[in-house]
Amino acid sequence: MIPSVLAEQIQSGLKDYIDTTFPITNLVFKNSLKNMLSEPKKVFHEPYVAVRLPFRIADNEENPFQAIHPAYTPYVHQQKAFSRLTGEDGRSTLVATGTGSGKTECFLYPILEYCYRKPQIL
């Protein structure tokens, strides 16, 4: 799958869809929609590639959990969230990071750990 070829195919398909779904019969406006769709940067923008560095892996191997033993070393933002959310002095925490960075684990592991340590509450 080549992104530029895929983008062209999607644009072509959308142009065909719009042309067949919204036919313009008025002679004055007949080509206006086609002209707008074919004009660069009017409707479609060029594909772009975002190259980002990988998420940083935490240096410290300390596992703050008794019940959970992750199979991987957490990322730095996960380790910070774990340290803020575990223990008796947990603090409100906001985790804002990219897709696929493990945000779910940031809150889920501390919740599971809490449930493990306090089974009588459940």
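Colleague: Okay, where does Ile 10 lie?

Modeller: Some ground rules: this is a predicted model, where local features need pLDDT of at least 70, side-chain atom pairs count only at pLDDT 80 or more, and totals for chains, interfaces and linings use all residues. Residues are numbered from 1 along each chain as its sequence is written, and side-chain values use heavy atoms, with hydrogens and water left out. Helices are DSSP runs (H or I, at least four residues), numbered from the N terminus. By that numbering, Ile 10 sits in helix H1, residues 3-21.

Colleague: And how does Ile 10 count by relative accessibility?

Modeller: The classes go by relative accessible area: buried is under 20%, exposed is over 50%, and partly exposed is in between (1.4 Å probe, protein chains only). Ile 10 comes out at 49%, so the class for Ile 10 is partly exposed.

Colleague: How far apart in space are Thr 21 and Glu 46, C-alpha to C-alpha?

Modeller: Thr 21 is in helix H1 and is partly exposed, with a relative accessible area of 34%. Along the sequence, Thr 21 and Glu 46 are 25 residues apart. In space, their C-alpha to C-alpha separation is 24 Å.

Colleague: What separates the C-alpha atoms of Lys 30 and Pro 119?

Modeller: Lys 30 belongs to the loop between H1 and H2, and at 44% relative accessibility Lys 30 counts as partly exposed. Lys 30 and Pro 119 are 89 residues apart along the chain. Their C-alpha atoms are separated by 70 Å.

Colleague: Which value is phi of Lys 41 near?

Modeller: Lys 41 is in the loop between H2 and H3, and is exposed, with a relative accessible area of 62%. Its phi is positive, in a residue other than glycine. The value for Lys 41 is near 65°.

Colleague: On to the rings: how many aromatic pairs are there?

Modeller: Rings of Phe, Tyr and Trp (its six-membered ring) pair if their centres lie within 6.5 Å; planes under 30 degrees apart count as stacked, over 60 as edge-to-face and the rest as tilted. By this rule, the number of aromatic pairs is four.

Colleague: Why is the pair of Phe 55 and Tyr 75 tilted?

Modeller: The ring centres of Phe 55 and Tyr 75 are 5.5 Å apart. Phe 55 and Tyr 75 are 20 residues apart, both in the loop between helix H2 (32-38) and helix H3 (76-85). The pair is tilted because the planes of Phe 55 and Tyr 75 are at 55°.

Colleague: What angle lies between the planes of Phe 65 and Tyr 109?

Modeller: Phe 65, in the loop between H2 and H3, and Tyr 109, in helix H4 (residues 103-117), are 44 residues apart. Phe 65 counts as buried at 5% relative accessibility, and Tyr 109 counts as buried at 15%. Their pair is edge-to-face, with 6.0 Å centre to centre and a plane angle of 90°.

Colleague: Which residues do ring pairs link into a cluster?

Modeller: Two of the members are Phe 65 and Tyr 109. Counting the remaining one, the cluster is Phe 65, Phe 82 and Tyr 109.

Colleague: Is H3 roughly parallel or roughly antiparallel to H4?

Modeller: Axes are lines fitted to C-alpha atoms, for helices over the stretch in contact, with angles from 0 to 180 degrees between N-to-C directions. H3 and H4 pack with axes 9 Å apart at an angle of about 30°. Angles under 35 degrees count as roughly parallel, over 145 as roughly antiparallel, 65 to 115 as roughly perpendicular and the rest as oblique. That makes H3 and H4 roughly parallel.

Colleague: Which residues of H4 does H3 meet?

Modeller: Contact means heavy atoms within 4.5 Å. On the H3 side are His 77, Gln 78, Ala 81, Phe 82 and Leu 85. Their partners in H4 are Glu 105, Cys 106, Phe 107, Tyr 109 and Pro 110.

Colleague: Last one: what do the buried residues of H3 have covering them?

Modeller: The buried residues of H3 are Val 76, His 77, Gln 78, Gln 79, Ala 81 and Phe 82. What covers them includes H4.

Notes
Helices (H or I, at least four residues) and strands (E, at least two) are DSSP runs, numbered from the N terminus.
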